[in-house]
Amino acid sequence: MADDAKQPEPKAPSTEKVKEISFPAAVLAIDATPDGKTLFAACQDGGVFTVDVASGKHELIGTHESYASGVTLLPDGKTLISAGYDGVLQWHDTEKRKTIRSVKAHDFWSWDMDVSRDGSLIASVTGRYEAGGYKYEPAPEREPSVKVFDAKTGALRAKFPHIPPTQAVALTPDGQHVAAGNLMGEVRVWNIASGKQVSQWKTDDLTSWGVIKSHHFLGGVFSMMFSPDGEELYVCGFGPMRDPMAGNGVQRWVRLNWREGKELDRTHEGESGQGLMEALAFHPSKKFFAMAGRLFQGKWNLAFFDTATGKNIYSLDAKHRVTDALFTSDGTRLVLAKAKGQEKKKDGKWPDYGLIEIRSVIA
Amino acid sequence: MRDSFSNLPDPHCGGADHTLHRRKFLQGVAGAGALSLLSWGGLFSLPAFAEQAKKTEKRCILLWLCGAPSQFETWDPKPGRPTAGPFGSIKTKLPGVHFGALMPKCASIADKLAIVRSMKTTQSEHLQGINLLNRGADPRPPFIRPTLGSVLAQQLGHLDNPIPNFVLFDPCPEGNEFKEFKASNWAGWLGAQYGPVRVGGEYKIENVARLADISAEDHEARNALRGFLTKKFENERRSAAAASQNAVFERVKGLMSCAHLFDLEKLPVRDRERYGPAAFGLHTLQARHLVENGAPFVMVANGMPWDSHVFHNEIYQLLVPEMDRIIFNLITDLEERGLLDSTLVIAMGEFGRTPWMNAARGRDHYPNAWSLVMAGCGIKRGVVVGATDEDGVDVAEKPFNEKNLFATIFTALGIDPYATYDLPDLPTFHRVEEKAEPIRAILA
Amino acid sequence: MRTSRPASTNELQAFVKDRGRDKRARLIDTLLASDDYARHMREVFDTVLMNRPEPKFVDRRESEKWFAYLDDAFRQNRPWNEVVRELIVARPQGTNDRGAIWFLYERENNPQAIAESIAPVVYGLQIKCAQCHDHMIAREIKQAHYWGTVAAFNRSKNVDTPNGPALTESAIGGFVSFANLKKESQRAELTFFNGRRVEERWPKDGDKETDSPDLYLSAPPPKAADTATNDPPRRKRERPAKIDGPAVPKFSRRAAFADAMTKDNPLLARAMVNRVWAMLFGRGIVHPVDMMDSKHAPSQPELLDWLARDFERSGHDVKRLVRTICNTRAYQLEARPVKTKDGKPAQPETFARALDKPLSAEQLFQSLLVATANTADNDGKIAGHSEKELRRAFVKQFPDLFPPDYNATLQQAMFFANSPLLDELLAPRAGNLSSRLLALPSNEARVREAFVTVFGRPPERDELRECVGYLARRSPEAGVRQLLWATLTGAEFQVNH
């Protein structure tokens, strides 16, 4: 809380709301064209949308049979990949507005998806939590938890084992390694070409066992990203709770030297409130990164952290749960995917409960 | 009353009188009720009769889904609707009837189940809801209505049964409102002897072996002497605390003789694999085993895990398939053993969950329209009664409340649902108030 | 009043023989002045304030002087509001009150746990239910009260100083929000359930607060209060920072909260009166004890008002409160059932007769040691076990202190029936009750002595006949051990009456 007077204060960035676009169902994932003029949204009603920022209009271009959980535009600028709780990866042609390929990737959900920077690989993670012991320790996987697909052909390139549910995945910028984190706060990293596991790291500080009401685990790693240079891995979620159903774990990220499986830093004491963190994004300047999620108690559910020091340099109560976040490539806009609470039917209609919020970034 | 106390059972004297006096003595102030029970012990000493009695005796297992389970992921899915959630639905053995997609095993035995999709109750907070669905009526202080388990322990059990008449499995020492309920008076005006014996997890039954320095006869005689001295105290002071203590001490000998029935390790590995490996399943297996061996009522709870205000889907992906497998195994095992017709299985919580999802990925409390399932003794097989509207917001057909439910349970078990409690110093209460109708459509 | 053990035979004889009219009042005064009183109050309030300890804290409560602090507070009869103030402010002035900080320190920087455990003391309430929303049943308990109470402690942090554990407090920060049922975020302002609030200037959104030594009273610079933030990787449990002394801000939220709770806070007195009443009667005037809200009306509102006012006017004098209650006719009533005018049995909340009060683990354990006259041998062991081990075994079986409803468990009965621990207390040993009984010349003498020792009364005729008959059919040792077992495990011994 107390600032160190000797250290030069990094110039704090800030943001301002520019626009809000409403969706019928919660928006769970977003991506954007490099110019930031078109957005893509994966929604809880299964819909995959293109969104014209200027007009705020959105158009359905594909549908999953369950929640759509991930969406990424390939570098070709027109092929959009989406993933869903139906376990399916879909390829959409954004120009022709149609779905061109579907691949059944998993028996259970695709919890999270990532695409390599060059657009050649898609990684997706799955796994259902099943009791493996008296105290609900997770059982071993029934299907490969981590799969890597060829983005051009849809062919399976590699698969890796983890303890399900494996909830977050990230590819290194060079596309050589894939990292996946699970319910138990365990991160594994593999070399895709060799198929070998490179490292493993686990913490008890991102998961909970319910002492109070529910004897099972909850929490874990909910989002992860590599640093722009690929040397470090960031994971986020929230800290342990005695009653996981309170949802009051400490908002937390952890920075890792992933090659050695070592922790380097984590959200600083006193800079976090409580609530699940499920989105991470680096600013193009690389000087800071964003983490966002839900506010249970505290000051913020969106914050920027200084890359060099790990300090919280900007924070905001963004009012609703943030499910995904990205910076446009010029760094001037922050786009947030949001989920409101679903409201009761009004006049025979279900009110919208999804949002995309666009904020200007003054850095 | 005093005279009977001087005929203390004493193993050294032996003789036929023994059982009779001991039982009178156990009954204490219960009076006339004791007579009907006199024959039980004697009857059960004839093996053939005991075997026959076990088959026809009625019993009940309550899978208590505390915290309140969602109807949408279980018995009343709304595929394609905004309230559906991510899991989808599947066909069942009953034409046109769908369950949540996480319940394939129950779907395959839907023709043995009775589903009520139109429960409509009034309490939306846990403690009030737990009380309502365990006692079957709103509270009327200062009188404490006995729980379903205590009523069934009294109606289906007999005090001489070495196995407790009411066993509660629940491993969670904590648990907010359920913890509060667990610490309350379960047996109410029926008296402490009909309260539950709590086991599971940390609630092991330890100290089951007699110490070497006392003989079996002395062990029993010592307890009888204790009973003689303390029963005077209980009676003279109408001491509820003493009654509660005396009720558990009277269970000691029985428990020591049947402690092996509570030993999970003694159950076949194959069974433990089918029900386990987690606490809820293993405790259900133990419940089945106890019921097979003459326990009239067993309640299986597991904290209050169904209360998914946050991470609803993330929790239900674990809980629903586990419940699906447990109910499937329990029903099919009971049927294989010829016990399904005499055993009532109920799976329910204290209310349902909201059609809408909150901003924390959760569903909140919802008593307005929810589901439960029953099977076995006195229940029609393969029936769905009641319905909700297209989004599951309200009951569309045949709303039922806790009184209808209790009347159904009692009727199914051959117990008069409207009997009057004729106890001294008590206003007139009925087993089910207001002559509430049972849910006839699911009664066999 | 039964402090923590039954009267020894000598005490009882002295009481019965004393013909003075005020003998009861004098006995109460003697008990209030005794070590037993301080110990009993310490045991009760240790559990009330701290709950049963996790194993790692059992020894630290002793070594960090928490027990000594409570013991001293009750022995010296320190005003209750001062004691509560010390628990909240946690800045001990000397070595005597050093243990006061343990109330906050054991909660390991968890302001919610602190708020939840101070609420029963200062409001007479459990406030946990108001964490996520305004209380659904007792509507006056607002979510803002929960988080306001939390905010009183969210600038504080455990530190280790050369003088032992301490709590430092920052002058800035702690401006947090909480999400209500609609998931809107609300400010956690210093607003409390007793209607008091402390005004603070909230920084504007995006404003950075600056810390400065000007904001502090104490010598150590505030920087020292902050844990170093760049020393990864962290261990699982963060160790308290080592600093010379805790920071004390000029405006202390803890001190402000303490003022609001211990000065002109009628709820503090009402909560204590209800607690002590429940301790003595086995049931609060408001029942359950920690639910003094709109849904739990006092059974005798005028009585509660009167006692609370008297307690406040007396300067929160705890011994006076205990004495007043013990000298009431209600407390001296017998336990036999009483009927009301219409012939119905009197309900418990009328206190028309003495209510059952099953002994707590500590009382039961102490009572068994006193009754069976087992004392520690040269190795400090009682019947082969350390006192700690025995105490732990009893606490495990009897963890509850103020249960809303009493339910004996089968596990407890099995413990008495088959655990070697009780059995060993009954084995004859030099000086203990069993060997004393065995030395008596006849079975009748043994039974009489056993009754007087365990129950404090001679046996009735039928009891004497049964028990003598019982002894006659067994070897003297087996008979005596079993007779004692039958009396000590019975309700007459185990239930305070």
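Me: What makes up chain C in helices and strands?
Reply: Chain C has 23 helices and nine strands. Helices (H or I, at least four residues) and strands (E, at least two) are DSSP runs, numbered from the N terminus. This is a predicted model, in which local features need pLDDT of at least 70 and side-chain atom pairs count only at pLDDT 80 or more, while totals for chains, interfaces and linings use all residues. Residues are numbered from 1 along each chain as its sequence is written, and chains are lettered from A and ligands numbered from 1 in the order in which they are written.

Me: Why is C:L369 called buried?
Reply: A residue is buried if 20 or more other C-beta atoms lie within 10 Å of its own, exposed if 12 or fewer, and partly exposed in between, with C-beta atoms placed from the backbone. C:L369 has 20 other C-beta atoms within 10 Å, so C:L369 is buried. This residue lies in helix α15 (residues 361-372) of chain C. Of the 497 residues in chain C, 45% are buried.

Me: What is C:L369 in contact with, leaving aside its neighbours within four places in sequence?
Reply: The partners are C:N374 and C:I382. Two residues are in contact if their C-beta atoms, placed from the backbone, lie within 7 Å.

Me: Why are α6(C) and α11(C) called roughly antiparallel?
Reply: The axes of α6 (residues 80-89) and α11 (residues 253-262) of chain C come within 9 Å and cross at roughly 160 degrees. Axes are lines fitted to C-alpha atoms, for helices over the stretch in contact, and angles run from 0 to 180 degrees between N-to-C directions. Angles under 35 degrees count as roughly parallel, over 145 as roughly antiparallel, 65 to 115 as roughly perpendicular and the rest as oblique. The two helices are therefore roughly antiparallel to each other.

Me: Which residues of α6(C) and α11(C) meet?
Reply: C:N81, C:V84, C:R85, C:I88 and C:V89 in α6(C) meet residues of α11(C), among them C:F257 and C:M261.

Me: How do you know that the buried residues of α14(C) line one face of the helix?
Reply: In α14 (residues 318-326) of chain C, the residues C:V318, C:L321 and C:V322 are buried. Seen down the helix axis, the buried residues of α14(C) fall within an arc of 95 degrees, so they line one face. The arc is that of the directions from the helix axis to the C-beta atoms. What covers these residues includes α2 (23-32), α5 (66-75) and α6 of chain C.
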